[in-house]
Amino acid sequence: MKRITGNIILLILTSFPSFSQTHLTGKVLNEDSNQPLEGASIYFNNTSIGTTSDAVGEFTLQLPGTINTELIVSSIGYEILIYKIQPADNFQNRYVFKLKTKKVTMQNILVLSDAARKKYLGYFIDNFLGLTEEAASSSIKNLSSVYFTKPENDERAFEAYSDTALVILNKMLGYRIHFQLTYFYYNESTGNSSFYGYTRYEDLGDKRRWKKNRKNTYYGSTLHFFRSLINDKLKEESFEIYVVADDTLKHIGSTTKTSTAIPVTAAQLIKKDTNSAGYPIYIASWKNKLMVQYNKNPSSKLYLLRHVLFSNQIHTGVRSYLTLNEPQAVIDEAGVLIDPLSIFFSGYWIYEKAANLLPYNYYPETEK
């Protein structure tokens, strides 16, 4: 997930011409003492490209081929630092990042009985990992670090946070995922949930072992769809899109609500932002609800039919629905939503959560 926050970073650039431009180098320090921080995580958000700082705070990080995501610097007990790489950045320079000590606050944290915490954790796991086969094959190794709070004026809902990155073992896709949970919301009355955070992926071993599973998970996913949308390849990738228009028919003494699915094209929904000063982005907008039909059976469909109350809406394929929470959605050139909360998903994709996410530098055609 990607979401730029208001965290402040201090970025110092000093000449360091001996380093290759294929790598980013630097140092991580405590902002108060200027002492080096060992073991800090430095990674490109939602990718498998990351490293940790050494005993003197130094790090060297490989640069991805296309840099369209934030650089995250984190350490236990410190505020997360987010830096958006700019096209004008000179990677021959040396970066020094200073982390702020995290302020500890215990306000609004729920004190729960064992039974109540077990209940909340059940909701959390289902709505964070999802209900797919990938989710069933995943586990969170440090659930004890999750705590819950109550949002104001929302008695049937709760929020979840963690001060340390959640460690997820995804045995089906072969990833150890470090997920820095920034926000999680669940409403018991409506069943609505949302979350976002910062993610680093590590291969559990030889990735060729999980090549087929990763490929199966990708096709029919939201990442597959958004990449097809921005590249105007919906038909080639087996997607169809429709705008759902609601109408009301009046009868004598009654009214009937109807919905009509109107086919649209990618060009009618999305355009490239030519005024963007950074990396290319795409602006998408539509009225009412967007229906996305994938005309093949995604890998999780059979599992959902067997294990979850899942409506098979069409004989072959699945349907999902996208409703804008904002006037528009912004998508980067990797097919990733800049703000993951800008769209509310329903239909098939509601079952796919964190356990179905793939690194944003994953492309099935280049996976070896």
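Me: Leaving aside its neighbours within four places in sequence, which residues is Gln 180 in contact with?
Reply: Bearing in mind that this is a predicted model, Gln 180 is in contact with Tyr 43, Ile 80, Ser 162, Asp 163, Thr 164, Ala 165, Tyr 196, Gly 197 and Tyr 198, once its neighbours within four places in sequence are set aside.

Me: Ok, and where is Gln 180 found?
Reply: Gln 180 is part of strand β13, which covers residues 175-187.

Me: Does it count as buried or exposed, and why?
Reply: Gln 180 counts as buried, because its relative accessibility is 7% and the cut-off for buried is under 20%.

Me: Zooming out, how many helices and strands does the protein chain have?
Reply: The protein chain has 6 helices and 22 strands. Of its 368 residues, 47% count as buried, and the accessible surface of the chain comes to about 18,600 Å², with 49% of that belonging to carbon and sulfur atoms.

Me: What share of the contacts comes from residues 24 or more positions apart?
Reply: Among contacts in the protein chain with a separation of 6 or more, residues 24 or more positions apart account for 64%.

Me: Now the sheet with β17 in it: what is the strand order?
Reply: That open sheet has 3 strands in the order β17-β18-β21, and the pairing is antiparallel. β17 (270-272) and β21 (329-332) stand at the edges with a single partner strand each, so one side of each has no neighbour in the sheet. From one strand to the next, the twist averages 30 degrees.

Me: Which helix packs on that sheet?
Reply: Helix α4, residues 222-230, packs on the sheet and touches β17, β18 and β21, while its direction makes about 90 degrees with that of β21.

Me: And how many bridges join β17 and β18?
Reply: β17 and β18 (residues 281-284) pair in the antiparallel sense over 3 bridges, and in β18 the bridge partner of Ile 270 is Ala 284.

Me: Changing topic, how far does α1 reach?
Reply: Helix α1, residues 114-129, has 16 residues and reaches 22 Å from its first C-alpha to its last, which is close to the 22 Å expected at 1.5 Å a residue.

Me: Which of the residues in α1 are buried?
Reply: The buried residues of α1 are Tyr 120, Leu 121, Phe 124, Asn 127, Phe 128 and Leu 129.

Me: What comes just after α1?
Reply: Just after α1 comes Gly 130, which takes a positive phi of about 105 degrees.

Methods: Residues numbered from 1 in each chain as written. Predicted model: local features only at pLDDT ≥ 70, side-chain atom pairs only at ≥ 80, totals over all residues. Heavy atoms only, no water. Helix = DSSP H or I, 4+ residues; strand = E, 2+ residues; numbered from the N terminus. Expected span 1.5 Å × (residues − 1). Buried < 20%, exposed > 50% of the residue type's maximum accessible area, 1.4 Å probe, protein only. Pairing = 2+ DSSP bridges. Axes fitted to C-alpha atoms, helices over the stretch in contact; angles between N-to-C directions. Contact = heavy atoms within 4.5 Å. Areas by Shrake-Rupley, 256 points an atom, 1.4 Å probe, with all protein chains shown as cover.
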